[in-house]
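Please examine the sequence and the three-dimensional structure shown below.

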Amino acid sequence: GGELHEVQTADPRLRQRYAEAAAAQRAAIAAALRGAGAAHLRLRTDRDWLLDMVRFVAAQRHARTRGTTR
């Protein structure tokens, strides 16, 4: 199960540390996925994520048909 953590976001230094930690975690996950040969797509819910996914799949397919792997 997931845990709920409440973060006091009034402190700008805390927000900065949190943002840095989140970015580092995303970078580590992306590196692990690349190392496993998996494609990686980050979806944003404040955008049209379905369109992002379609573009991503099309780009992956295009890369494979050129004979190059990303």
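D52 forms a salt bridge with R47, and their closest N and O atoms lie 2.6 Å apart. A salt bridge is here a side-chain nitrogen of Lys or Arg within 4 Å of a carboxyl oxygen of Asp or Glu. Side chains of opposite charge can pair when their charged atoms come close. This is a predicted model, in which local features need pLDDT of at least 70 and side-chain atom pairs count only at pLDDT 80 or more, whereas totals for chains, interfaces and linings use all residues. Residues are numbered from 1 along each chain as its sequence is written, and side-chain values use heavy atoms, with hydrogens and water left out.

How accessible are the two partners, D52 and R47? D52 has 12% relative accessibility and counts as buried, while R47, at 43%, is partly exposed. In these terms, buried means under 20% relative accessible area, exposed means over 50%, and partly exposed lies in between (1.4 Å probe, protein chains only).

D52 also forms a salt bridge with R55, where the closest N and O atoms are 3.5 Å apart. R55 and D52 both belong to helix 2 (residues 49-65) and are separated by 3 residues, about one turn of the helix. Helices are DSSP runs of H or I with at least four residues, numbered from the N terminus.

D46 is exposed, with a relative accessible area of 58%, and R44 is partly exposed at 43%. The count of salt bridges comes to 4.

The surface also carries a nonpolar patch of about 460 Å², made by L43, W49, L50, M53 and V54. Such a patch is made of residues with over 30% relative accessible area and no salt bridge, nonpolar side chains (Val, Leu, Ile, Met, Phe, Trp, Tyr) being joined within 5 Å and like charges within 9 Å. Accessible areas come from the Shrake-Rupley method with a 1.4 Å probe, and for residues only the protein chains shown count as cover. V54 lies in helix 2 and is exposed, with a relative accessible area of 52%.

Attention now turns to helix 1. At its start, a side-chain oxygen of D11 reaches to within 3.0 Å of the backbone nitrogen of R13. Just after helix 1, G37 takes a positive phi of about 80°.

How values were computed:
Helices (H or I, at least four residues) and strands (E, at least two) are DSSP runs, numbered from the N terminus. A polar contact is a pair of N or O atoms within 3.5 Å; within protein, one must be able to donate a hydrogen and the other to accept it, and residues adjacent in sequence count only if both atoms are side-chain atoms.
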